[in-house]
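Subject: Structure handover

Hi,

Here is the structure for your files. My notes follow below it.

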Amino acid sequence: MKFEPNKKNLNFSISRRSFLKKNLSFFTSLSIPIFIPTKFLSINKDKKNVTRVFDINGFKQVLLPKGHGQLITIDKEYKARYPSRDQNMQFMAFFNEKDCLYIQTKDTVGYITDWEITKEQKLKLNFFGPEPDIVVKKLPPDPLAPIEEYKKWALLQSWAKLKPSIIEKCNIIATASTPDINHLRKTQFNFIKKFIPPTACWITQWMKYPFNTMYPDFQPKQPELFKIFLAELHELNSIPLPYINGFLWDINCLNPKYDETKTIKNIDGSTAFYSEKKKYLKFACIGNSYWRNLIVELRNKLIDINGKLSKGVYYDMLTASSPVLCYSNSHDHIPGDPLCWQNGVKDILKKTKGVIMTEGNVEIYIDLVDVFLMHLYTNEDNLFPIWNKVYGSVARSAGWIVPEKSDFQEFLNIIRKAKKYGVIANGSPWMSQKIQEKLLHPDFANIWVEFEGYICNTK
Ligand SMILES: [Zn+2]
C-alpha cells in the first residue's frame, strides 16, 4: 500500500542558502568526508528544524535509496521522508559524466529527515531531530562507488544484524489473494506441495470486510474455515502470513469503535488521513501504546483450529509508510516527538511472536523483521540494486511483481532478475495468485526446473 505524506506535515524551515551556495564548490572539491561546523547551520527560531541546502546543479542523475534502489534522471522535483520505503537509507548520490557528488547523513538513531530535490537544483535536508554529521564527498562517477561508501558506515550500525529466521529456508511464499477460503485451500495446497517445506503463504484477503475498509476489525470472513486453513498450512510446514494493517483506522469501524482522540494529530489539531481518495482511513497513533497493544492483540488472535498460534503474520505499511509527526497532547508520547513513530514500529515488532513479514524496507528495522516485502517499483526500468548491495548480508527481501499475462519467457526473465536482487524464496511472492495457478498448466512445465526446492516427482 502506498502512502503519500500529508503535505501539512512537511513544513520546511528557511535556510541560509547563501553560505552554502558560496561554499559548495569548496565542499565538493574535496575527496575526504567534511563535517560542517555547527556555527554554519541554519536553525529556526524554535530550534526544532534545521535545514541544509546543497547545490546539485550540473548533475543529471541521482541514485535514490528507494525500495530496492533507483538510478533516475533528475527532471523533476522529488521529496521523500526518512525513514520510509522511499528514503530507506541516509544518502543520495548525484552524477554527471565526470563526477559523483555523494551526500550522506550519519544519524545512528533514525530521526525523521526530509530529503528534497528542488526545481532550483538543490538538495534540501530538513532534520526533525538533532542534526547529525553530514558527509559531502566527491567520488568516481560509478553508481557502485557511493554504495560501497555507504556500506562501510551502514554495516557498523546497531540495526545491521540478521534476524535468525525459518523463512530463510522457505522455497516459496505463495500468494493467497482470494477471499474464498475453500478455493484457496484447493489452489494453494496444490502449489505449495510442489516445493520442499518449509514454505510460506501470504494471506491477504481473509477478512470479513472488503480490503481497505473497517480496519482494524480483523475478523475472518469464514471463521471456522480460516482456522482450518491455518491448521492445514501448519501441517504442511508452511508459515501462514495473514494480513494485518499496521496503521489505519476506518472511521466507520465499530470493533474497536473509531476513536478520534487516538489518531495522529497534525500541528493544527486536525487528524492525519491516509490519502485524498480514502479520507475515511485515518492514521492511528503508533506512538501511543493503545494502538500498539491493539495490533499485537490482533496478531495473537490468529489461531488455527487446533489452538496453535499462526506461525507468522504480515504487517501492511508498517515499514513502508513515511512517519507522520503527532502533536496530540493526550497520548503517552511527547507532542511532535520525531522518534515516536519509529519507536512504535519497533515496539510492535519486538512484541510480535513468530515470523514477521512487513511491507517496505527501511534500514532501522532490519534486526527486527524476518523478511521485507519489497515488490513495489520492481516493474520499473530504473531499478538499481542498492539495498541488496548494502544490506544483502543482513536483511531478507521478498516479492516481485509478475504480471498475470506473462508468458513463459517473461516469467523466467522476471524471476531470474528477482534472484539477482537477492529476493528469497525463488523471487516470490509474485503478487498474483493467478500466476501460480497458471504455472500448474503444461505450457509452464519446463519452468519448474528453474526453482530451487522444487519436488521433481510431484504431479
Ligand atoms: Zn500521538
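Among contacts in the protein chain between residues at least 6 apart in sequence, 75% join residues at least 24 apart. Two residues are in contact if their C-beta atoms, placed from the backbone, lie within 7 Å.

This is a predicted model: local features need pLDDT of at least 70, side-chain atom pairs count only at pLDDT 80 or more, and totals for chains, interfaces and linings use all residues. Numbering starts from 1 along each chain as its sequence is written.

The protein chain has nine helices and 19 strands. These are DSSP runs (helices: H or I, at least four residues; strands: E, at least two), numbered from the N terminus. Of its 459 residues, 46% are buried. Buried takes 20 or more other C-beta atoms within 10 Å of the residue's own, exposed 12 or fewer, partly exposed in between; C-beta atoms are placed from the backbone.

Strand S9 (residues 122–127) pairs with strand S2 (residues 50–55), antiparallel, over six bridges. Pairing needs at least two DSSP bridges between two strands. Thr 51 stands opposite Asn 126 in S9. S9 also runs antiparallel to strand S8 (residues 113–117), joined by five bridges. There, Glu 116 has Lys 124 as its bridge partner. S8 and S9 form a hairpin with four residues between them. Gln 121, in the turn, has a positive phi of about 65°.

Now helix H5 (residues 289–300), which contains Asn 293. Asn 293 counts as partly exposed because it has 13 C-beta neighbours inside 10 Å. Asn 293 and Ile 348 are 55 residues apart in sequence, but 7.9 Å apart in space, C-alpha to C-alpha.

Best wishes
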